[in-house]
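Hi,

Here is the structure I promised to pass on.

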Amino acid sequence: MNWNDTLRHLDTPLPEDIARLKAAGYCTQAIAAIDRLLAEDWTQTQNGGQSPDKAKNCMAQLPESWRAGLLAQREILARIPGEYPCNEAEALAHIQSRIPDMTQEEFRGLVADNRIDWRFVDGEPHFARRFVETLIYTDDNFALRAGVRPDYASRARRGEQAVALQQKGSQSAKIRLKFSMKASDEAFARAMEQAKKEGRTSVRAKLWLPAPAACPSQSDIQLEAFWREPTSIAPETAPQRTIYWETELTENTPVEAVVSYVRTAQYVDPLSLQDLPNVTDGGFAPENYLGEQMPHVRFTPAMRALTAAVVGDAEDNAEKASRIYDYVTQNVKYRFMPQYFILESIAENCAHSRRGDCGVQALTFITMCRIAGIPAMWESGLSVEPQEAGCHDWAMFWLKGKGWLYADCSFGGSAARRGEEALRRHYFGSLDTGRFAANHVFQAPLTPPKESWRADPYDNQTGEMELEGVGLKGREYHTDVTTLEYELL
C-alpha cells in the first residue's frame with residue numbers, strides 16, 4: 001500500500017479517549033490505544049460477548065477509511081515529539097544562547113502573545129523546534145539582538161524588481177541550481193546493517209530530486225548533470241516533477257543534480273487587466289481547481305462563513321480574490337511551521353490561529369478562493385536569490401478572459417509588516433524572477449510514487465529518500481540547494 005494515501009482520511013475524527021491523549025501530548029499512550037483499536041476483533045467484543053445464540057456481528061472490524069485515518073494519526077503522533085523538543089527551561093536556554101538578554105518574563109510574554117508556537121508533550125508545554133528562527137526572521141528587533149543583520153539586500157532587490165517590472169512589463173533570468181541530498185550517517189548505518197543481515201553488501205535506495213516543471217513562466221529547461229544516470233525522469237507536465245534513481249549504495253554518497261532554466265516574471269494588476277484574446281489554461285483546466293481536497297482544502301461551515309464575510313458584496317472574481325488576498329496578507333502572521341506531516345486541516349487552522357508559513361498561507365488563499373467560486377491552484381519549489389535558494393510556496397488563481405495569475409501571500413504579508421504597500425500589492429497578480437517551480441498540485445504523488453512514508457507527503461521541494469524500503473524523514477537525511485547562476489536577461 002501507499003502509506004501516504006492514508007492522509008486523505010484525516011477528516012475521520014479520533015475516538016474521544018485517543019483525542020484527549022493526543023491533545024495532552026501523551027503520544028506513546030495514544031499510539032498504543034490506536035494499535036489496540038486496529039487489532040480489535042469486533043466479533044469478540046460485541047454486546048453479549050460469545051453467547052451461543054448471538055447473531056454474527058455485521059462488522060468484524062473498523063471501516064477501511066477509519067483504519068486509514070488511524071494509521072495516518074499514528075504516524076503523526078510518532079513525529080510530534082521531534083517537532084516540539086524543548087520544555088520551558090530548555091527553550092529559554094536555547095533562546096538565551098541566541099538572544100542573551102532575553103528574560104523569562106519576556107519569553108512568557110511572547111508565549112502569551114502567541115508569538116511562540118508550543119503544544120503539550122507528555123502533559124507539559126513543549127516548544128517548536130524553530131521558534132527562535134521565527135522571531136529573528138519576522139522581527140528586525142530580535143534579529144539585531146541576536147547579532148543577525150536583516151537581509152536588507154534581498155528586500156531592496158524585490159522592491160527594485162517590482163518597480164522595474166511595472167515599468168517594463170516583464171523580466172527574465174537565467175538560473176542554474178545544484179541539488180544535493182545525503183542520508184545521515186546513522187540512517188545509512190542502520191540500512192547497511194539490515195542489508196548485511198540479508199547477505200548483501202550494498203543498500204537498496206530509492207531517491208527523488210525535484211526538477212523544473214513546464215509552466216508559462218519557465219522555459220529553456222535543461223537537466224545538465226547527475227551524480228549517476230537517472231532511472232527515470234518525470235515528464236515536464238508531472239504534477240510534482242522529479243528525477244528518480246533506484247540503485248544500490250555501497251557507501252553514503254551524496255545524490256546530486258544540476259538543472260537550469262529561464263524564469264520570466266510579468267507585471268499584472270488583476271483589478272485593471274482587460275480581457276485578453278486567445279487565453280489558454282496551459283493544461284490546467286480551471287474546473288479541476290474548484291473543489292475540496294482532503295484533508296487540508298475543506299469547505300467547512302467556519303471557512304464558508306469567513307469567506308462570505310471577507311468577500312462581502314463583491315461580485316467580480318478579481319475583486320473577490322483581491323479581498324481574500326488582503327485578508328491573508330494583512331491578518332496572518334508569518335510563522336515557521338513544524339513539518340506539514342503533523343498538521344491537520346491546514347487552511348481552517350490558519351484561519352482560526354492567523355499564523356502560518358508560505359504554504360499554509362497559500363492553502364488558505366486557495367481554499368477561500370474556491371469557496372468563492374474562483375479556481376485556484378498550488379505552485380511551489382524555491383525562492384531563488386543570487387547567492388542562495390530556499391523552499392517556497394505560492395498560489396495561482398484563474399480569472400475568465402485573463403488566465404492564471406499569481407498570488408504570493410507570504411511575500412505580500414512580509415511587505416505588509418514593513419509598511420511597503422506597493423510591494424504588497426505587487427504580489428497580487430505578479431511574482432519576481434527568483435522562482436523555481438517543480439510542483440503544480442498539492443498532495444500529488446511523486447514519479448514513480450513513493451509508497452513508504454514521505455518526509456513531506458504534500459509537496460517536494462528538495463528531495464525524498466528511501467533506504468531498504470524505509471522512507472527517511474527529519475534529520476535522517478540532509479538536503480541542500482546551491483545557486484550556481486542567476487543572470488537577469
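One aromatic cluster is made up of Y325, F365, F397 and F428. Before I go on: this is a predicted model, where local features need pLDDT of at least 70 and side-chain atom pairs count only at pLDDT 80 or more, while totals for chains, interfaces and linings use all residues. Residues are numbered from 1 along each chain as its sequence is written, and side-chain values use heavy atoms, with hydrogens and water left out.

How many aromatic pairs are there? The count is 22, taking rings of Phe, Tyr and Trp (its six-membered ring) as paired if their centres lie within 6.5 Å, with planes under 30 degrees apart called stacked, over 60 edge-to-face and the rest tilted. F127 and F131 are a tilted pair, since their ring centres are 6.4 Å apart and their planes meet at 55°. Both F127 and F131 are buried (under 20% relative accessible area; exposed is over 50% and partly exposed in between, with a 1.4 Å probe and protein chains only).

Y289 and W404 pair edge-to-face, at 5.7 Å centre to centre and 90° between the planes. Y289 sits in the loop between β8 (255-266) and α11 (301-311) and W404 in strand β13 (residues 403-407), so this pair ties together parts 115 residues apart in sequence. Helices (H or I, at least four residues) and strands (E, at least two) are DSSP runs, numbered from the N terminus. Y289 is buried at 13% relative accessible area, and W404 is buried at 13% as well.

R79 sits over F341, 3.7 Å from the ring centre, and R435 sits over W394, 4.8 Å from the ring centre.

Now the cysteines. With a disulfide being a pair of cysteine sulfur atoms within 2.5 Å, the count is zero. C409 is in no disulfide either, with the nearest cysteine sulfur, that of C369, 8.1 Å away. C86 is buried, with a relative accessible area of 16%, and C409 is buried too, at 3%.

Enjoy looking around!

How values were computed: Lys NZ or Arg CZ within 6 Å of the ring centre and 35° of its normal.
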